[in-house]
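Okay, everyone, thanks for coming. Take a moment with the sequence and the model on the screen, and then I'll walk you through the inside of it.

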Amino acid sequence: MRESLAITITESSQTGEARRVAMALATRLGFQETERAKVGIVVTEVANNLVQHADGGVVLLRTLNQHLAVGIEVLSLDKGSGMVDVDQCLQDGFSTAGTSGNGMGAIRRLSGLFEIYSIPNQGTALLAHLWSDSTPHPPEKTLEIGAICLPKRGEDVSGDAWACVVDGRRSLLLVADGLGHGPAAATAASQAVRIFQDNHHRSPGAILEAAHTALRSTRGAVLAIAEIDFEQQSVCFAGIGNIAASIFSFTKHHNLLSHNGTVGHEIRKIQEFSYPWYSNGLLIMHSDGLGAKWQLDRYPGLSQKHPSLIAGMLYRDFNRERDDVTVLVVKGMGR
């Protein structure tokens with residue numbers, strides 16, 4: 001499941017719905033019984049925290065795949081009072097809402113990966129990863145990926161899509177936005193993903209050319225493809241349309257260039273651009289369902305967090321809500 005599942009939490013009765021959705025996903029993914037129970041506890045505690053400490057928020061669920069392992073990402077977003085001291089809030093028995101204060105500690109203990117980003121008076125993002133078995137799952141050695149892909153409100157499917165292929169010394173990343181929204185847009189985006197995966201051994205420009213031919217029978221899409229070469233410390237990028245892409249390091253920022261057009265219908269020029277990649281670099285790509293006026297430096301310390309927290313904060317604050325939205329964040333792990 002590349003798309004995220006979003007469960008809005010505004011009152012206590014909705015915590016049960018969040019738990020049911022998460023347990024159903026865990027069952028579908030083949031979680032062992034003990035690990036499935038952990039998913040239920042974590043999602044319940046996360047949803048309860050949104051009600052008790054933040055006056056509501058949203059829980060996002062996403063399937064994780066790492067080698068042969070499968071897991072679930074739980075991402076909680078709110079605009080509540082935030083945390084002045086995150087470490088103190090994680091201590092069992094600490095509470096600002098008159099509860100037992102054990103929920104955050106339980107989430108951390110049960111999760112394979114656990115991170116929080118919080119700003120006082122601005123809200124909190126909480127991330128937890130849970131896996132289908134009890135085997136330890138160390139982080140990826142080259143890239144960490146965070147992604148949110150959601151349909152326009154009222155639609156069942158997203159006309160956006162994203163994909164990643166790791167191919168030896170390089171990784172290729174795609175964000176696609178089918179024109180419009182709904183099933184026809186989803187068909188175009190899915191076709192773009194298929195062509196991307198079938199042609200991952202080729203360059204970004206060559207993949208775009210293949211997609212242009214393959215998408216002629218669809219309503220078309222805008223696409224951006226980034227190829228990160230770890231040995232050359234470079235990024236080869238090609239895009240058609242308004243998929244935004246940026247590279248960040250501790251000291252540098254590059255906005256990546258795309259040409260106008262619609263893949264499958266009208267393209268005037270396909271051109272590859274080369275940019276430097278950094279051992280701890282950050283690549284952010286998103287569809288136009290996310291507003292373009294975000295600035296990463298307005299979130300102190302966020303760039304050092306897991307990419308899913310970065311994607312979550314940008315989605316929380318800049319989601320336009322009238323279109324499908326995809327935010328893909330990739331972080332280099334150093335070599």
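One term before we start: buried means under 20% relative accessible area, exposed is over 50%, and partly exposed is in between, using a 1.4 Å probe and protein chains only. Helices (H or I, at least four residues) and strands (E, at least two) are DSSP runs, numbered from the N terminus. What you see is a predicted model, where local features need pLDDT of at least 70, side-chain atom pairs count only at pLDDT 80 or more, and totals for chains, interfaces and linings use all residues. Residues are numbered from 1 along each chain as its sequence is written, and side-chain values use heavy atoms, with hydrogens and water left out.

So, let's go to strand E17, residues 325–332. Because 8 of its 8 residues are buried, E17 is largely enclosed by the rest of the structure. In a regular strand, side chains alternate between the two faces of the sheet. Here Val325, Val327, Val329 and Lys331 point one way, while Thr326, Leu328, Val330 and Gly332 point the other, and all are buried.

Which strands pair with E17? Pairing takes at least two DSSP bridges between two strands. Strand E6 (residues 143–150) is antiparallel to E17 over 8 bridges, with Glu144 partnered to Lys331. Strand E16 (residues 282–286) also runs antiparallel to E17, through 5 bridges, and there Ile284 has Val329 as its partner.

Now look at Leu296. Counting contact as heavy atoms within 4.5 Å, and leaving out residues up to four places away in sequence, Leu296 touches Phe248, Leu282, Ile284, Leu302, Ser303 and Ile310.

Thanks, and over to you.
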